[in-house]
Amino acid sequence: MDMNTIEAVVATADPNEWHEGDAWLAGGTVLFSYGSVVLRRLLDISSAGWPAITTTAGGIELAATATIAELYDLPAREGVLEEWPALELVRTCCDSFVASFKIWNMSTVGGNICTALPAGPMISLCAALDGTATILSPGGGVRELPVADLVVGDGCTALLPGELLRSIALPAASLRARTAFRRLSLSNLGRSGVLLIGRLDADGALVLTVTASTKRPVQLRFGGQSFDGQGTLGGRPDRSALAGALDAAIPEGLYHDDIHGLPRWRRDMTYRLAEEIRAELLGELSDEPLGGAPSRGGKKP
Ligand SMILES: Cc1cc2nc3c(=O)[nH]c(=O)nc-3n(C[C@H](O)[C@H](O)[C@H](O)COP(=O)(O)OP(=O)(O)OC[C@H]3O[C@@H](n4cnc5c(N)ncnc54)[C@H](O)[C@@H]3O)c2cc1C
């Protein structure tokens with residue numbers, strides 16, 4: 001799409017150069033699809049030179065400019081899946097981004113997170129692994145925020161004007177965890193309507209991350225130590241404890257409503273897939289009947 005209001009494209013990743021009317025340009029697959037009638041400059045971060053993926057003993061750092069195609073290749077690196085089995089999620093999450101190789105070669109991890117669509121698969125991946133975003137601010141500040149808290153609503157982030165997402169750190173403790181992935185879409189090649197990821201950490205914590213069905217990521221933590229020092233929900237949940245925790249964490253209005261799924265369907269499938277994940281990770285047979293959410297007011301939704 002032509003963007004007729006653009007006066008300049010500037011190659012920079014310096015938040016001090018950001019002014020009102022500017023937008024950070026990464027892969028451009030959103031900016032050039034949706035267009036804009038207000039933007040005046042695009043600040044192109046694609047030539048910032050940030051290494052796409054850096055592995056250290058402490059985990060993995062994904063540059064915001066890492067493309068979906070570069071990320072997809074990560075699990076093929078020798079030995080990484082053995083060391084960090086949770087990287088199996090990388091390909092399932094990339095595959096949830098139903099687009100051609102042309103889009104995968106341009107779209108970036110940071111652009112996906114900052115676009116903040118409920119069906120943003122990089123949000124699902126990074127939130128589920130307790131990824132921490134490093135954010136550069138105008139004036140030279142640097143701050144960190146869990147990815148799960150960076151996305152605050154449909155198309156909304158906690159980024160302040162001019163702030164730039166620099167990278168996402170995925171901690172080794174999460175990468176070593178056992179994981180379970182569930183995704184539903186209304187059609188074969190459709191956008192995610194429900195995407196849940198479970199993680200069983202070495203300390204016994206069970207972490208469930210709900211995305212796509214909700215307007216922003218929702219995380220439930222049972223047992224173990226939470227990564228940010230916040231409280232957890234007690235020991236390993238049974239089916240009804242899990243359903244109760246979902247009830248408490250996701251009010252009706254938080255379920256997303258668009259062409260990719262009605263809120264009642266998303267809610268129902270969230271409970272069903274959450275129970276499947278709970279049973280899989282805790283090594284139990286699920287006693288969940290077909291259907292999902294417990295009825296409200298005695299009526300099956
Ligand atoms: C065919 C097709 C299918 C798609 N399917 C999906 C899908 O299933 N799920 C989904 O979520 N999206 C989907 N998209 C949308 C889009 O491609 C992705 O969200 C992509 O990851 C955006 O990345 P980008 O680098 O192209 O972002 P850009 O277009 O460059 O930027 C998007 C927005 O993020 C901001 N931004 C980018 N990088 C940063 C940064 N580092 N710091 C701060 N702000 C930044 C930009 O200013 C802009 O507002 C699809 C697009 C197409 C064309």
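This note sets out numbered points on the domains, the ligand shell and selected strands and helices of the structure.

1. Basis of the model. The structure is a predicted model, in which local features need pLDDT of at least 70 and side-chain atom pairs count only at pLDDT 80 or more, while totals for chains, interfaces and linings use all residues. Residues are numbered from 1 along each chain as its sequence is written.

2. Domains. The protein is divided into domain 1 (8–44), domain 2 (53–173) and domain 3 (178–281); these bounds come from an automatic or database domain assignment. Helices (H or I, at least four residues) and strands (E, at least two) are DSSP runs, numbered from the N terminus.

3. The sheet of S1, S3 and S2. An open sheet of 3 strands is arranged in the order S1-S3-S2, and its pairing is parallel. Strand S1 runs parallel to S3 (residues 41–44) and is joined to it by 4 bridges, and Ala-8 has Arg-41 in S3 as its bridge partner. Two strands pair if DSSP finds at least two bridges between them.

4. The ligand shell. Which residues come nearest to the ligand? Of the 32 residues around it, these are Ala-26, Gly-27, Thr-29, Gly-111 and Asn-112; a residue is near a molecule or strand if its C-beta atom, placed from the backbone, lies within 6 Å of it. At least two shell residues are supplied by each of S2, helix H1 (31–34), helix H5 (101–106), helix H6 (109–115) and strand S10 (164–171). The largest share, 5 residues, comes from H6.

5. Composition and placement of the shell. By class, the shell around the ligand holds 20 nonpolar, 11 polar and 1 charged residues. Here Ala, Val, Leu, Ile, Met, Phe, Trp, Tyr, Cys and Pro count as nonpolar, Asp, Glu, Lys and Arg as charged, and the others, Gly among them, as polar. Because domain 1 (8–44) and domain 2 (53–173) both give residues to this shell, the ligand lies between them.

6. Contact between domains 2 and 3. The centres of domain 2 and domain 3, taken over C-alpha atoms, are separated by 19 Å. Their contact takes 23 residues from domain 2 and 24 residues from domain 3; two residues are in contact if their C-beta atoms, placed from the backbone, lie within 7 Å. On the side of domain 2 that touches domain 3, helix H4 (88–95), helix H7 (121–128) and strand S8 (151–153) are the elements that give two or more residues. H7 gives the most, with 5 residues. This side of domain 2 has 16 nonpolar, 4 polar and 3 charged residues.

7. Helix H7. How many of the 8 residues of H7 are buried? The count is 8 of the 8, so H7 is largely enclosed by the rest of the structure. A residue is buried if 20 or more other C-beta atoms lie within 10 Å of its own, exposed if 12 or fewer, and partly exposed in between, with C-beta atoms placed from the backbone. The buried residues of H7 include Pro-121, Met-122 and Cys-126. Just after H7, Asp-130 takes a positive phi of about 55°.

8. The sheet of S11 to S14. An open sheet of 4 strands has the order S11-S12-S13-S14, with antiparallel pairing. S11 and S14 are the edge strands, each pairing on one side only. Neighbouring strands here are turned by 10° against each other on average, direction ignored. Strand S12 (residues 194–200) and S13 run antiparallel and are joined by 6 bridges, and Leu-195 stands opposite Thr-211 in S13.

9. Strand S14. Strand S13 (residues 206–211) pairs with S14 in the antiparallel sense over 5 bridges, and the bridge partner of Val-207 in S14 is Arg-221. In S14 (residues 218–222), 5 of the 5 residues are buried, so the strand is largely enclosed by the rest of the structure. Val-218, Leu-220 and Phe-222 point one way, whereas Gln-219 and Arg-221 point the other way. The hairpin of S13 and S14 has 6 residues between the strands, and in it Ala-212 takes a positive phi near 70°.

10. Arg-183. This residue lies in strand S11 (residues 178–184). Arg-183 is buried, because 21 other C-beta atoms lie within 10 Å. Not counting residues up to four places away in sequence, Arg-183 touches Ser-96, Ser-192, Val-194 and Leu-195.

How values were computed:
Axes fitted to C-alpha atoms, helices over the stretch in contact; angles between N-to-C directions.
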